[in-house]
Amino acid sequence: MADQDLHQLMLDAEQQSAEISSLGTALPQLDRNLRQVCEASQTLWNKLSQTGPSEGIQAHLLLGSKGMDLSQISQKLEALSSRDMLAPLEPVPDTDIDNFLMNETQNVLLGILEETQNFNFGKLKEKQRMEKEEKVLEESWLKERCEILNAILLESVDQEMDFVQPDMETTVLSERPTTVRSLMSSQEVAYANKVIEFNKAVLSGSSKEPLMKTFMNLASQFSEKKVFDLWECLSTMIKIPIELSILDGDPLKTRNSPRVQLALIKQARAFLQDRYKLFMQNTVANNLQRAMRGGAPGTFSLVRSFAAIQELVNEGCFDDGQVEGLPVWALIYYCLRCGDYKAAFYCVQQAGSHLVDSYSAFFEDMAGNDGQVSESVSEVLRYQYRHVVASSEDSFKKAVFCLLGGCDIKEDFPEVVQTAEDYIWFKLGQVKTMPDGHELPMDILTYNHLQSLISQEYGETHYKATEQPFLYASMLLLTSQFEEAIEFLNRTSFLRPHAVHMALALAETGLLATSVPLQAPLLSLDENEPAPSKRLNLPRLVMTYCNKFSHSNLAEAINYFYFLRDLKDADGVNLFKLCCCDLALENKAFNVMFGMLNERGDRVFGVLDEFFSSEEDTKAIIRMVAEESEKKSCLEDAIFLFELCSDHENSLRLLNSMLGQILPQDNKLGSVRERMESVAMMHKQRYHGKEINCSAPTASNFNLLCRLIEFFNHWHSKDFRKALEIVSEVELLPKKPSEVEHYIAVFRQLSGDIMKNIPEVMLATMNILSAEYNRLKSNRVGSPTKHHAQEDLRQYGQAITAYSASLPYDMPGDTNAKMVQLMMTMN
């Protein structure tokens, strides 16, 4: 039964195997039947039962559970170990075409991606490098451009100066020689005196007159009337009855606000109206016969007389009748031009009922509001102008409607508006402003548009600014383009002093828009601010102006720099201190600016101390100049300046460095060594018996260098006995061979300034010893004392020679050779 079951099992197994084979699946096939399997199993069991459990069995079980055959792994490892590793590997052909093509495609794509990535990274690095270089070049060019422009400006100023002109004055500082001639003109000297008086009042805390009023009073004394007119115009424009703090003190924000713009317009028109009224009075006074002046005194009588001189009746067509034989609209226009709105209303009343009924309410409202026309009245006037007045032939009537209604802004009315002042007054009257957040119609003239019209569309060419600088400057001032007006005046040599002082006066009022970076142009435009608002580089303006006379009038230049005390550069440094630092480095007038030290070591005050309440502020500037001098390798200046500001550590550090460089040199007259020795002796004298602000090593090095100066002085003067005494006192060289190790340890603790001079000290000492030895040797009289002295000198020389050979210092190549030669002369 059992055999039949086994036989049946074999048949079933073979049948299943045949079925699996017919399916074509890639399952592993067995090559042995059950009998062979049983025999193999029995053989394996006998083998294992004899050897017992081993690491091999455990390895088989572990790797078998992971699907690996240990016997095959062993064969592969044996094949690898038997292969020659240095021999080239033979390529194994890949018979899987699909996978081979896929791999090749992926390799190509990855290669392209890698190449593209490397290319992009390379381009990015190149772009970053170029941007960095461009930034450096741009900064360098900005600095160079400023220097070139300043040099050109100074050259043009020098070419224009005539040293024999009668208006040149000489101002002399008490600290300067009397032969120094001022390069300032009489007007510049007058302005500078006012600046000095103003600064003294500021520093003392006493009441002071505003700069604008001071300079305007001064300008009234000049022979040029037009200069005073500019000052008067500027003085009128800044009389704004509004606090600047409403917009955080930003001048451009303040001047672009509707309320301030209305005030500026009102001030400008009032200035022009007063000037025109004065012009009318002068015209009438010069033509009394034609003017037929009479009637009640007042603006209407003046206007009527002026209009009579113009002979308007014979020039064209006029609407709405006449008043006292003159065109009514012409009289109204001239009344408005004088700024007398009640006189204009009177003209309307005198014209007749037809004019009174139509326009009496408008002019009465305007007269009651000091010339202000409400928006509703302006709308009515614009409507009537478009439908009725625009077709009229009366130019005065059309001009009045366009003026009050702010319409037809492109029409200039040349028959009525005949001068530049008439034009700017008329356009200012057409300007309309709206509260923040409201937009004006496109056909309305805004204040910024008028500014652009004057400075950009018309500009210097239209006004012939080179021939008429006062006219163009006044147009800019009347439209509150203060910065552009100052920049324009600064380009004209004889107007430059007035431009600079206008800038200072405006800066005091807080209405001047300034730019802080020194590298910025004199006039700059910020994209974030409404055009054509610009900013003026006040520090550059002042510094350029002072370059002309900073050498001859040092105190005056410092007073001008004092106006920059509230400004800082990009690094946060106070510009007043920075300018004083640059001035001191350029002039080298340290004694005048900073004072000097007296015999007791106390600082005598200089010009700069007048501008600071604390001595520490002055010393801070002195320290800035000292540090810059050290950076520029002007070490003698730096030593003096560090000493002046009580920075003894840095002063002695630099002095030690200078002394270490010239210590062995002969003390010739006028040499650097003579100067530095004199400086060192003065320092030593001032420090004697006083506590100094210095570290102990620095002070010790200084004292040692001073003693070595004396040593070399005696050496060069052949005073060998005194020289030996000094070198023995400073204890730098051994006297006996047994002391060499001790002095080598001492050498390691010396500073570099002394270390580098040790070879020269040794050579000088050896020369002295050799000379003394030979002197004793030449004395034929023998004695125990002589032999003892010679032996001491020989031991001294041997110790120095051994010391030289053992020093852990890279000495000059011939030093040891010279030492040996000198030692041989003592044998």
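I take helices (H or I, at least four residues) and strands (E, at least two) as DSSP runs, numbered from the N terminus. By that rule, I find Leu278 in helix α10.

**Entry 1. Ground rules**

I note that this is a predicted model, in which local features need pLDDT of at least 70, side-chain atom pairs count only at pLDDT 80 or more, and totals for chains, interfaces and linings use all residues. Residues are numbered from 1 along each chain as its sequence is written, and side-chain values use heavy atoms, with hydrogens and water left out.

**Entry 2. Confidence**

I looked up pLDDT, the predictor's confidence in each residue, from 0 to 100. The chain has a mean pLDDT of 81, and 82% of its residues reach 70 or more. I then turned to two stretches and counted contacts, a contact being heavy atoms within 4.5 Å. Over residues 82–92 pLDDT stays under 50, and the model has two contacts beyond four places in sequence for them. Over residues 154–180 pLDDT also stays under 50, and here the model has 45 such contacts.

**Entry 3. The chain as a whole**

I count 37 helices and six strands in the chain. For burial I use relative accessible area: buried is under 20%, exposed is over 50%, and partly exposed is in between (1.4 Å probe, protein chains only). Buried residues account for 43% of the 827 residues. The chain exposes about 46100 Å², of which carbon and sulfur atoms supply 53%; these areas come from the Shrake-Rupley method with a 1.4 Å probe, and for residues only the protein chains shown count as cover. Among contacts between residues at least 6 apart in sequence, 59% join residues at least 24 apart.

**Entry 4. The largest nonpolar core and Trp231**

I define a nonpolar core as a set of buried Ala, Val, Leu, Ile, Met, Phe, Trp, Tyr and Cys residues joined through side-chain atoms within 4.5 Å. The largest one holds 218 residues, and Trp231, Phe363 and Phe594 touch the most other members. In soluble globular proteins, nonpolar side chains tend to be buried together.

Which residues are in contact with Trp231, leaving aside its neighbours within four places in sequence? I list Tyr191, Met212, Phe215, Met216, Ala219, His498, His501, Met502 and Ala505.

**Entry 5. Helix α8**

Trp231 is among the buried residues of α8, as are Leu230 and Cys233. The helix covers residues 225–237, and its 13 residues should span 18 Å at 1.5 Å a residue; the end C-alpha atoms are 19 Å apart, which agrees. The expected span is 1.5 Å times one less than the number of residues. The buried residues of α8 pack against α6 (186–204), α7 (211–219), α10 (258–286), α20 (469–478), α21 (482–490) and α22 (496–509).

**Entry 6. Helix α17**

How many of the 11 residues of helix α17 are buried? I find 11 of 11 in this helix, which spans residues 395–405. Lys397 and Lys398 are among these buried residues, together with Phe396 and Phe401. Their cover includes α10, α13 (328–337), α15 (353–368), α16 (375–387) and α18 (420–430).

**Entry 7. Cysteines**

I find zero disulfides in the structure, a disulfide being a pair of cysteine sulfur atoms within 2.5 Å. Cys546 is in no disulfide, and its nearest cysteine sulfur, that of Cys579, is 8.3 Å away. Cys546 is buried, with a relative accessible area of 1%. Cys233 also counts as buried, at 1% relative accessibility.

Thr254 lies in helix α9 (residues 251–255). It is buried, with a relative accessible area of 1%. Thr254 and Leu511 are 257 residues apart in sequence, and their C-alpha atoms are 8.3 Å apart in space.

I returned to Leu278, which is partly exposed, with a relative accessible area of 48%. Leu278 and Cys338 are 60 residues apart in sequence and 9.1 Å apart in space, C-alpha to C-alpha.

**Entry 8. Backbone details in loops**

The peptide bond from Ala531 to Pro532 is cis, with omega near 0°. Pro532 lies in the loop between β3 (523–524) and β4 (535–536).

Ser646, a residue other than glycine, has a positive phi near 65°. I place Ser646 in the loop between α28 (635–644) and α29 (648–662), and it is partly exposed at 29% relative accessibility.

Lys718 is not a glycine either, yet its phi is positive, about 65°. This lysine lies in the loop between α31 (696–716) and α32 (720–730). Is Lys718 buried or exposed? Lys718 is exposed, with a relative accessible area of 59%.
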